[in-house]
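This report describes one structure, part by part. The sequence and the structure come first, and the notes follow.

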Amino acid sequence: MSDTETLAHLLAEAPSNWGRWGADDELGALNYLTGAEVKYGIAAVRQHRTFTLGVPVATPAGDHVFPGRWPARHYMVADKAGFEAGHWHPMPGGLEFADDYVSGFAQAGTHCDALGHMWFDDTLWNGYPAASTNGGMTRAGIEPIAARGVVGRSVLIDMARFRGKPALARAETFDHRDLLECARAQGVEIQPRSILLVRTGWVGALRSGAETIGDGYWEPGLTFSLDLVRWFDEMQIPCLVTDSLANETTYEPRTGMMLVLHAALMRNLGVVFTEMAWLDDLAADCAADRQYDGFYCASPTRVRKGTGGSVNPVFIK
């Protein structure tokens with residue numbers, strides 16, 4: 001990467017949705033999900049079968065999280081042993097209880113990112129100043145997304161199965177042309193305003209131990225080009241959901257810049273990112289019955305001034 005290459009330089013000709021929905025907007029591309037899109041999503045339900053897409057949190061082996069974070073921790077505060085030891089006493093009438101406590105990053109487990117989660121040039125989504133993150137997200141946080149919810153027609157693109165492998169390899173990339181080619185092979189259409197689910201097999205590979213997180217970590221995924229960003233803009237994609245920890249390949253191969261699509265799609269276009277979704281079960285079912293579209297419904301935890309929120313999306317076929 002040359003000294004002159006920065007995200008601002010790279011994205012100088014890329015489209016932006018700043019101001020499209022007003023100077024105070026904090027929903028971004030979710031504004032595309034009108035009542036009509038909810039209706040299209042409901043119409044896609046043909047078998048009345050549901051799939052939840054959240055991964056387990058605070059697992060005994062330790063959750064997989066993006067480098068620099070640590071797994072959620074789970075503590076029992078009250079249980080039967082506590083009553084037997086006399087630390088707790090039955091309620092009047094004899095009722096006992098269990099209670100627990102979980103601590104962890106908002107971006108641990110399956111989660112939505114707030115639109116202001118990442119930025120460059122001291123500016124968040126829609127032109128809000130980066131200083132508005134100080135002490136909590138006062139603009140472009142997760143609360144507006146949680147209050148609105150993400151509901152509409154969704155399409156699964158099973159890129160790993162399309163390429164004939166259980167999971168894509170480290171640093172393996174694809175773009176919008178690959179998404180369209182995969183969709184054609186699956187017999188499904190990516191319609192405008194579709195909630196886009198993309199399976200790489202990566203979370204499954206991490207859970208099985210086939211892949212690990214460590215030095216040189218480089219996920220597979222979508223890679224930047226101006227054409228790809230323009231395609232997302234023209235298709236009015238409201239939400240991108242993948243089974244990787246960051247929804248895109250970790251480094252842009254040509255420049256070495258990190259997480260470029262967080263800038264091009266999230267910050268500039270307002271596309272909501274949902275990461276670390278569990279897509280393996282859904283993908284296997286879609287491969288069996290050839291129905292790759294359905295109704296998607298999700299809302300992240302409404303964390304006050306939060307940078308993100310855990311979510312357990314539901315896909316109905």
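Strand β5, residues 150–158, is mostly covered, with 8 of its 9 residues buried. Buried means under 20% relative accessible area, exposed means over 50%, and partly exposed lies in between (1.4 Å probe, protein chains only). Helices (H or I, at least four residues) and strands (E, at least two) are DSSP runs, numbered from the N terminus.

β5 pairs with strand β11 (residues 293–298) in the antiparallel sense, over 6 bridges. In that pairing, valine 150 stands opposite alanine 298 of β11. Strand β7, residues 195–199, runs parallel to β5 and is joined to it by 5 bridges; here arginine 199 of β7 is the bridge partner of aspartate 158. Two strands count as paired if DSSP finds at least two bridges between them.

## Basis of the model

The model is predicted: local features need pLDDT of at least 70, side-chain atom pairs count only at pLDDT 80 or more, and totals for chains, interfaces and linings use all residues. Residues are numbered from 1 along each chain as its sequence is written, and side-chain values use heavy atoms, with hydrogens and water left out.

## Helix α9

Contact here means heavy atoms within 4.5 Å.

After α9 comes glycine 270, which has a positive phi, near 80°.

## Cysteines

How many disulfides does a search of the whole structure find? The search finds 0. A disulfide is taken as a pair of cysteine sulfur atoms within 2.5 Å. Cysteine 112 is in no disulfide, and the nearest cysteine sulfur, that of cysteine 239, is 5.8 Å away. With a relative accessible area of 1%, cysteine 112 is buried.

Cysteine 182 is likewise in no disulfide; the nearest cysteine sulfur belongs to cysteine 286 and is 11 Å away. Cysteine 182 counts as buried because its relative accessible area is 0%.

## Two buried loop residues

Glycine 141 lies in the loop between β4 and α4 (142–148). Its relative accessible area is 5%, so glycine 141 is buried. Not counting residues up to four places away in sequence, glycine 141 touches Glu26, Ala114 and Gly306. Glycine 141 and arginine 302 are 161 residues apart in sequence, while their C-alpha atoms are 9.7 Å apart in space.

Glutamate 211 lies in the loop between α7 (202–208) and β8. Is glutamate 211 buried or exposed? Glutamate 211 is buried, because its relative accessible area is 18%. Leaving aside neighbours within four places in sequence, glutamate 211 is in contact with Arg170, Trp202, Ala205 and Leu206.

## A nonpolar surface patch

Tyr75, Val77, Trp88 and Tyr101 make a nonpolar surface patch of about 400 Å². Patches are made of residues with over 30% relative accessible area and no salt bridge; like charges are joined within 9 Å, and nonpolar side chains (Val, Leu, Ile, Met, Phe, Trp, Tyr) within 5 Å. A salt bridge is a side-chain nitrogen of Lys or Arg within 4 Å of a carboxyl oxygen of Asp or Glu. Accessible areas come from the Shrake-Rupley method with a 1.4 Å probe, and for residues only the protein chains shown count as cover.

Tyrosine 101 lies in strand β3, residues 99–103. Tyrosine 101 counts as partly exposed because its relative accessibility is 49%.
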